[in-house]
Amino acid sequence: DLPVLGGMMAVGIPDYRLPREELNKEIGDILSVGNIEVRTNTRVGKDITMDQLRQEYDAIYIAVGAHKSAKLGVEGEELEGVVHGVDFLRGANLGQDTSYIKGKSVAVVGGGNVAIDVARTALRLGAAEVHIVYRRRREDMPAYKEEVDQADEEGVKMHFLLSPIAVIGENGHVTGLRCQRMKLEQENEAGEKHPVFDNSGRKRPFPIEGAEFTLPVDVVIPAIGQTTDTSYLGESTDIQVNRSGAVVADPRTFATNVPGIFAGGDAALGPASIVEAVATANKAARAIDRYLQGEPLQIPATIMDRPEGVEKPEMSEEDGARPRQSAPMRPVAERVCDFGEVEAVFPRDIAILEARRCLACDLEKKS
């Protein structure tokens, strides 16, 4: 039901990471193909039902993203001043009123890319200070390391081994975040301390008894995960979804259990990357084309022709010893003042130096 095209790319990723001008160019290229009807501000499940779409179209591709933010599940989460990460980014990207951030102290809960995006966006919108509260260590954060480093450079204050246990408020508004200090080891009956690992391979945090304190803040923004809002399904319960709300789809064709309905991107994978979302769409498009022609969805496997190898000059000692080049970045003092792109492209001379480090393994001629 968004007023713009682009989904999470348009409303969930800040301009400084994905310039809107570039995104709109990509969208414009798709629309220029012609014979494409676009309906914005239309909520499936409310303005039109999934069953109506199934009657109108021979094939449907579900790409609704993961726009539903996971809740903290703590006391005080209903207070004014608690804004969930996905909602905060959507409002900022759509130009909605974010004056409640200006001059305020903000606590962002989470350690993923959304949490980092929220923190850096809050700074750019005029927050007096921004704190990230994360229950594990810095090296355990699932966010991209370079994004964490950039947030650090921009002045985001990071607190590790802390878990929120309550949102504190007065007169219905947030005044603080009650936090519990954590440790990454558990003590057994013999008094021995040892780590416990979770399914992700990371050490599981445990509360330190009696180690609590309140972080004084005006705004709390939870960013601890996203799920898919399945309300678009309405009464179409025959489409299979898993416990997190993601549509169950074949990993090769992205066909669902209902003939003619396909799903991909975050709607099927859960929160992932743009590259993964586009890849699933490409695979699904091929399968949909075959479906409409009455052919098997899976393209039969074929042996690929390997490109003919070429002789390569030996890499010079200078090229081999040269470290990886880093893309130039806008100065911190400049970039926190607006949403201009942070990372620039390589200058021509640096790009050539970086290219000379390539081993071209895929084209190496075998003796």
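Predicted model: local features only at pLDDT ≥ 70, side-chain atom pairs only at ≥ 80, totals over all residues.
Figure 1. Strand 3 (residues 105–109) and strand 4 (residues 129–134) run parallel and are joined by five bridges. Within this part of the sheet, Val 108 stands opposite Ile 132 in strand 4.

**Figure 2. Helix 5 and its cover.** Helix 5 has twelve residues, and at 1.5 Å a residue these should span 16 Å. The end C-alpha atoms of helix 5 are 17 Å apart, which agrees with that span. The helix is mostly covered, with eleven of its twelve residues buried. The buried residues include Val 114, Ala 115, Ile 116, Val 118, Ala 119, Thr 121, Ala 122 and Leu 123. Just after the helix, Gly 126 takes a positive phi of about 100 degrees.

**Figure 3. Surroundings of Asp 117.** Asp 117 is found in helix 5 (residues 113–124). Its relative accessibility is 3%, so Asp 117 counts as buried, the cut-off being under 20%. Leaving aside neighbours within four places in sequence, Asp 117 is in contact with Gly 12, Pro 14, Tyr 16, Arg 17 and Leu 89.

**Figure 4. Arg 124 over the ring of Tyr 16.** Arg 124 lies over the face of Tyr 16, at 4.2 Å from the ring centre. Tyr 16 is also one of the contacts of Asp 117.

Figure 5. An open sheet of three strands has the order 6-7-10 and antiparallel pairing. Strand 6 (162–170) and strand 10 (206–216) are the edge strands, each pairing on one side only. The twist here averages 25 degrees from one strand to the next. Strand 7 (residues 173–183) pairs with strand 10 over seven bridges, in the antiparallel sense. Gly 176 stands opposite Pro 216 in strand 10.

**Figure 6. The aromatic pair.** The structure holds one aromatic pair. The ring centres of Phe 262 and Tyr 291 are 6.0 Å apart and their planes meet at 75 degrees, so the pair is edge-to-face. Phe 262 lies in strand 13 (residues 261–263) and Tyr 291 in helix 8 (residues 274–292), so the pair ties together parts that are 29 residues apart in sequence. Phe 262 has 1% relative accessibility and counts as buried. Tyr 291 is partly exposed, with a relative accessible area of 30%.

**Figure 7. The whole chain, for orientation.** The secondary structure comes to eleven helices and 13 strands. The C-alpha atoms fill a box of roughly 65 × 65 × 55 Å, taken along the principal axes. Of the 367 residues in the chain, 37% are buried. Among contacts with a separation of 6 or more, 66% join residues 24 or more positions apart.

Conventions:
Residues numbered from 1 in each chain as written. Heavy atoms only, no water. Helix = DSSP H or I, 4+ residues; strand = E, 2+ residues; numbered from the N terminus. Buried < 20%, exposed > 50% of the residue type's maximum accessible area, 1.4 Å probe, protein only. Contact = heavy atoms within 4.5 Å. Phe/Tyr/Trp six-rings, centres within 6.5 Å; stacked < 30°, edge-to-face > 60°. Lys NZ or Arg CZ within 6 Å of the ring centre and 35° of its normal. Pairing = 2+ DSSP bridges. Axes fitted to C-alpha atoms, helices over the stretch in contact; angles between N-to-C directions. Expected span 1.5 Å × (residues − 1).
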